[in-house]
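Q: I am new to this structure. Please take a close look at its aromatic side chains.

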Amino acid sequence: MRNTFIYASLFAMSISSGSCSHKQPRLDYPEAPCDSTTYEAFGTTVDDRFRPLENDTAEATLRWVEAENALTQDYLSRISFRKDIHKRLDTLNRYERHGLPWKGEDGKYYFSANDGSKNQAVIYRVDKPGDEPEVFLDPNLLSDDGTVALTGLFQSHDGKYTAYTISRSGSDWTEIYVMDTASRELLPDHIEWAKFTGASWLGDGFYYSAYPAPEAGKEFSNANEGHNVYYHRLGTPQCDDTIAFEDPANPLHFHQAGVSDDQSALILSIGGQGIGDAVMIKDMHRPGSKWVTIEPSQEYYNDVVDVIGDNAYMLTSVDAPRNRFVKIDLAQPARDKWVEIIPQDADGGVLTSVQFAGKDRLIAVFDRDASNHAYVYDLDGKLIREIEFPTYGTASFSSSRSSDDVFYAFSSFVYPSAIFTYNVAEGTSELYKATEIKGFNPDDYITEQVFYTSADGTTVPMFTVRHKDTVKDGNNPVYLYGYGGFNVTLNPTFSPNRLLWLENGGIYAQANLRGGGEYGEKWHLDGTKQQKLNVFNDFIAAAEYMISEGWTKPELLTIEGGSNGGLLVGATVNLRPDLFKVAIPRVGVMDMMRYHLFTIGWNWASDYGTADDSPEMASYLLGYSPLHNISNDGTPYPAILVTTADHDDRVVPAHSFKYAAALQAADTGDAPKLIRIDSKAGHGAGKPVSKVIDEYTDIYSFIYHNLYPQEEFKIKN
């Protein structure tokens, strides 16, 4: 494979030549707000003519958004099978699903469920598993259109009160409400402008994290600074909340507080400017006690599972790049005094979670080649047994030290989440809740894991899913998905929307690129900063593998990714526009020179570096930034549908706005370059089912229409 990375000498070519007008004979794109803005990056002049689109509340931007959506919807409305896609996706999404049960502090069992007809899952409770459920909290009643999402439930230690967190329209901004657990009566307590937080109870109140109230009109774009921990006492207004922790010298740090199960300790995690979290603990039984530093560095993954007596139990990457589980004496917290309970996996697996299951057992989950494996240990780290799973998949557990009840959920690409009970003493699993999607038979599909070679010789894993009758004739449409960043592992997970692709003859491929957490910290770091090209090369090699193995050809290849994966798609298209027919960059980080200036973008510097770091870092970022490397010489690009949302305050929509405007202004052939801008939606979390169906209807309509432009595509229902 040829290395097509674009170096600094070519930086200005992509959008600096020509004017703000476009060259597109097939579609008449709206004229984007633009000006003559440029800026200097260590002596290099960077063209930023679409800077006006960063002001997402300006009248000119709003007019452009309206015109772009009108163009996109007009284009999509002319696709004859769009209604059939919507109908089938609606059917596939309307299945009954259940969340993991957990035992509340009031002794009752809680779980989420959706009968298939609701936008948001409902929280139910029962006295014991199997009883007739009672509705505890229905998020669908919090808005008329399902755009208010429940993001967390937190009971006080006596079970008397329940705090719950919500997000409106997909924003990261969090509000906290409190209800009487028994009566479900809403109390007057209300917290605003919280972010990246839960509610950790101690006594008659709780700890939470929040920023100062943002400037009016800039709630979803301005940089967030000053993340403090507050204590709220029930029955008092938010303005009376006390600051439990602040660090004005480091305004870009995140601060999140948790209380140990026995209420003896307050645990503080500090992150934001490293790849992990520093940890401090305070003894809450001694008034005036000082913080004890457990780990000062943010360069390691650290997660305190619990504090029991004088010991903290922590999952950490300190001296273990694939993680280990340790016990720490709070009186002697230095690293050399830590007692290792579960060591780093000798076979190359990554220890991803550990939790107590009763008073004398631990459940540990490892990732091995991006698939979950779970084991039971005693408190000294002796392996008791493995919990067997049927295939490649993802598992999550519900357990606690105070109860012997253990539930787990297991899912895979074609198997929706099933809930099991697990008997720790006997080592047996029993099906508790099964899920069935009418008209879809998972036994008709094959999941395989393959390993391919990237440009530098690195072996990269990839999952592929296809119908059992699929043949290697080079004529199969392939949907290639990737992420490759922030230590995130892409495990086998279920999506009802993916089933439409599979049942219509498509192959789904999920590449486990460097930058993720599949093989620990080295795998992650090999896809960060000035190693980021490895991620794009891994993705390109995945596409080339599917072609060379005879599954598909470039004319039938679609690539998709969201957020950091949107960056992946945008950069990869610039590098190899000849390799793909369709590209779907979703809520992507597209301006690598200015990403750190918006909301929490500065937090991504540990993966990306910033243009302010050094001439070398600025040069590297400018060399692959999707916005700055779009061809303008007639090179044919794939059909591209950019997606974003008006309430995305994580990756602000300005990234997608500027990228789409630059695409439409450049000469990249006749294939459509459109943008879909959702309203009352954010980065993706908590999106109501109806909006998910609408979005995937448009994505699949766009894909099929461009894969088969000369044919009347028929959707199987």
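Which residues form one aromatic cluster?

A: This is a predicted model. One aromatic cluster is formed by Phe81, Tyr392, Phe413, Phe463, Tyr479, Trp501, Tyr508, Tyr696, Tyr700, Tyr704, Tyr708 and Phe713.

Now the pairs. The structure holds 47 aromatic pairs. One of them joins Tyr161 and Trp201, and this pair is stacked. The ring centres of Tyr161 and Trp201 are 6.2 Å apart, with 15° between the planes. That angle counts as stacked because it is under 30 degrees. The pair links distant parts of the chain. Tyr161 belongs to strand S9 (residues 161–168), while Trp201 belongs to strand S12 (residues 200–202). The two residues are 40 residues apart. Trp201 has 3% relative accessibility, so it counts as buried.

Phe366 and Tyr375 make another kind of pair. Their planes stand at 80° and their centres lie 5.7 Å apart, so this pair is edge-to-face. The angle is over 60 degrees, which means that it meets the edge-to-face cut-off. Phe366 and Tyr375 are both buried.

Phe366 also has a charged residue over its ring. Arg368 lies over the face of Phe366, 5.2 Å from the ring centre. Tyr95 has an arginine over its face too: Arg97, at 3.9 Å from the ring centre.

To recap, Tyr161 and Trp201 are stacked, whereas Phe366 and Tyr375 are edge-to-face. Arginines lie over the faces of Phe366 and Tyr95.

Technical notes: Residues numbered from 1 in each chain as written. Predicted model: local features only at pLDDT ≥ 70, side-chain atom pairs only at ≥ 80, totals over all residues. Heavy atoms only, no water. Phe/Tyr/Trp six-rings, centres within 6.5 Å; stacked < 30°, edge-to-face > 60°. Helix = DSSP H or I, 4+ residues; strand = E, 2+ residues; numbered from the N terminus. Buried < 20%, exposed > 50% of the residue type's maximum accessible area, 1.4 Å probe, protein only. Lys NZ or Arg CZ within 6 Å of the ring centre and 35° of its normal.
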